[in-house]
Each structure stands twice: as C-alpha cells, then as structure tokens.
Amino acid sequence: MSLTLITNGTLSDASQLNQVINVLMQPSGGTEAGRWFVEAGTYETNSTIGCDIISRSYGGAAVSVSIDTSDTSPTSLGTPTTQALTTGGFYIIASGTSASHTPRAGGRYTIQN
Amino acid sequence: MLETIYEDGYFAYHCHDEDCHTALCAHISDSAVEHLHMPQAPVPMRPFDPERPLLSLRASPMQGSVVGLPPCPHCGSRMFLKADYSVRNVMKEKMLHTFVSDGRVRGYAMELRYARSFRLLNMLYDVGKLKARPLLPVLPFDAIKQSELRGLPLDVVDAFWLPYALCGRVIDYEGIDQHLIALGGGMTPLLPIGTVLVHEKMRHGGELPPPSH
C-alpha cells in the first residue's frame, strides 16, 4: 500500500488522515501482512514451540489468517499451525519431530479482517 | 476468507499470499480441513449476573481454536479460519452492520465473510469435525429451500439470520432483553419477513410455507 505524505502549507483532507486510520484499524475486508519466525529448542519429539504475533490493527474481529514457510522451511519441526486468532493477534505453534537444539521455521502471514 | 459455500459440502476461497491469489476449492470431508484447538480446559460459562455487562456473559468453550483449510498447492500458504467467536466478537468488533432509520437502530446484518464462516463451522459440526457447537446456528438448507428465502444467496440469508439468532440466544436470560432493547433503540430488530417466518415455524414445529411459483 502506498502512503501519501502530507506536506507543509497544503490542506489535508479525509483520505490522507484515513490512510493512517486504516493502518491502525483495518477497514472491512482489509488485510494485514507481516513476517514471522520461530526458533527454540525441543527437548523431545512432539515438544511444541511457538511465537505470538501481535496485530497492528485493532477494533475488528479477524476472520482468518494465512501463514507460509517461505522464509525458512521447518527444520526439525512439523508443519506450523495457528491458534487463538483474535483482534490482538494470533499464535503460531509447531511440534518438534525430534529432540533438537535449533528447530526453526519462518515465513509470511496475512490476517484477513 | 471464504467466498462460496455449496450445499454438497464444497467451498471456494482464494490463497491469501500476496504473490499467489490462486483460486482454491475443497470439501469439508477433506482430511486437511481440521479443527485445531488449544490444549487447555474449556472456559466455563459464567452464570447469569445482572451486575455484569452483557458482553462478558458468554465465553466460547472453543476458545482459541481455528479451522485449518487445505494449503495452497502453488505457494504452500495455509489459511486458518477463526472458530472461537464469542458474543463480544459479534457485538463489539465490527462484525455487524447496523441499519439506522430516523435516528433509531432498526436491525442488524452480519458481514458476509463472517456469515460464511459460521455456515462452514456449522457444516463441520454437523459432520462431526468440530468438537463443539459454534456460537450461532444457521438455518438448515431444507428450511431455506422450502421458504421464500430460497431465491437469495446463501450468505445473504445467513447475514440476516445470524444476528437474529444471537438475539434469540441472549434474551433467554432474564434481564438481558433490557440491554438489547436499549441497544436497539427500543425497536425490535427488523429482519426480512422470510427469516422471521422460517424461525417461527421451526420453533413451533409447524409446517413451512409451500413454495410459491
């Protein structure tokens, strides 16, 4: 999304202010995208690791979230899933496939409001 | 976000990856369509307390759970639908459109994308793939087909029905109806006549009206 900068000496209008508001509170059907990464030790198979993703947008219930592992393919981890999708964000978890010091995964997420 | 849901269990959606956007389709019986819930005890429902605000009354017993959809075969991105809707979500978090006329609230309609989610959650519950009943029920396909609602798109029917179903649940509690009356500006929520008609027939066990030609 391109943002329009407001310059000195010119009148600002609603659309310029709304571009900021629409970041802080996504409009209907808006999306918020970002990146996630998780790395932690798993002491045995099926140990679960996870990370909390904080949404920048408040006020609207999220309808869905999509994640991928395009940045870092899961190493010593199963396929990551999400939980606890709320207005404030969501949680990404993955189960270890073995005892490992460096299981990791990462990618992109898109929250659909 | 779901886009279309069919009676036979198929549903369509788009990959959300910003570089992909592939159109996808799946069936509710697909093994990748699964209910993922947090490993914790369900939150107990609070008994009614008139001193507490309306919106804190019901905590979802499925708190934290999502429904995983089949991943995109092109980019690998996987979508998860929120499955733990609460009364607070519906009433406070921009899920409902409010119809205002003459300065008074006359009725509500749910955003279509949430209505589609509720439809899918109910279908998954019906086939045993959801561990608890969703917050709100949807009208059965048969009831819609036999009523005057059959000409409307399915998600539009649900969008009008679900706020009505929510009111029906909440006003079971003595005293809560006062909150709703205040919320509605003293007016009964205005809904399509067919929606109310179907509900009344179902509630009283009567026959549905014959289809008109």
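Of the 59 residues in the largest nonpolar core, the ones that touch the most other members are A:V65, B:V67, B:L81, B:L120 and B:L162. Helix 4 of chain B, residues 154-170, gives the most to this core, eight residues in total. As a general point, nonpolar side chains tend to be buried together in soluble globular proteins. Bear in mind that this is a predicted model.

Let's stay with B:V67 for a moment. Leaving out residues up to four places away in sequence, B:V67 touches B:V33, B:H35, B:F80, B:L81, B:A83, B:L121 and B:L124. One of those partners, B:L81, is also on the list of core residues that touch the most other members.

Now for the two chains one by one. Here is how they look side by side.

| Chain B | six helices and eight strands | 33% of 213 residues | 60% |

Read from the N terminus, chain A goes α-β-β-β-β-β-β-β. What radius of gyration does chain A have, and what would a compact globule of 113 residues have? Chain A has 18 Å, while such a globule would be near 13 Å. Along the principal axes, the C-alpha atoms of chain A fill a box of roughly 60 × 25 × 15 Å.

Chain B follows the pattern β-β-β-β-β-β-α-β-β-α-α-α-α-α along its sequence. Chain B has an open sheet of three strands in the order 1-2-3, with antiparallel pairing. Why is one side of strand 1 and of strand 3 left without a neighbour in the sheet? Strand 1 (2-5) and strand 3 (23-27) of chain B stand at the edges and each has a single partner strand, so one side of each has no neighbour there. From one strand to the next, the twist averages 25°.

Zooming in on that sheet, strand 1 of chain B is joined to strand 2 (residues 10-14) by three bridges, and the two run antiparallel. Within this pairing, B:I5 stands opposite B:F11 of strand 2. Helix 2 of chain B, residues 112-126, lies across strand 1 and strand 2, running at about 50° to strand 1.

Further along chain B, B:Y108 sits in strand 8 (residues 104-110).

Finally, the place where the chains meet. The contact takes 21 residues from chain A and 25 residues from chain B. On the chain A side, the elements that give two or more residues are strand 3 (64-67), strand 5 (81-86) and strand 7 (104-112). Strand 5 of chain A provides the largest share, five residues. By type, the chain A side divides into eight nonpolar residues, 12 polar and one charged.

The chains also pair strand to strand. Strand 3 of chain A and strand 6 (residues 78-82) of chain B run antiparallel and are joined by four bridges. Here A:S66 stands opposite B:M79 of strand 6.

Definitions and conventions. Residues are numbered from 1 along each chain as its sequence is written. Chains are lettered from A and ligands numbered from 1 in the order in which they are written. This is a predicted model: local features need pLDDT of at least 70, side-chain atom pairs count only at pLDDT 80 or more; totals for chains, interfaces and linings use all residues. Two residues are in contact if their C-beta atoms, placed from the backbone, lie within 7 Å. Ala, Val, Leu, Ile, Met, Phe, Trp, Tyr, Cys and Pro count as nonpolar, Asp, Glu, Lys and Arg as charged, and the others, Gly among them, as polar. Two strands pair if DSSP finds at least two bridges between them. A nonpolar core is a set of buried Ala, Val, Leu, Ile, Met, Phe, Trp, Tyr and Cys residues joined through C-beta atoms within 7 Å. A residue is buried if 20 or more other C-beta atoms lie within 10 Å of its own, exposed if 12 or fewer, and partly exposed in between; C-beta atoms are placed from the backbone. Axes are lines fitted to C-alpha atoms, for helices over the stretch in contact, and angles run from 0 to 180 degrees between N-to-C directions. The radius of gyration is taken over C-alpha atoms; the globule rule is 2.2 Å times the number of residues to the power 0.38.
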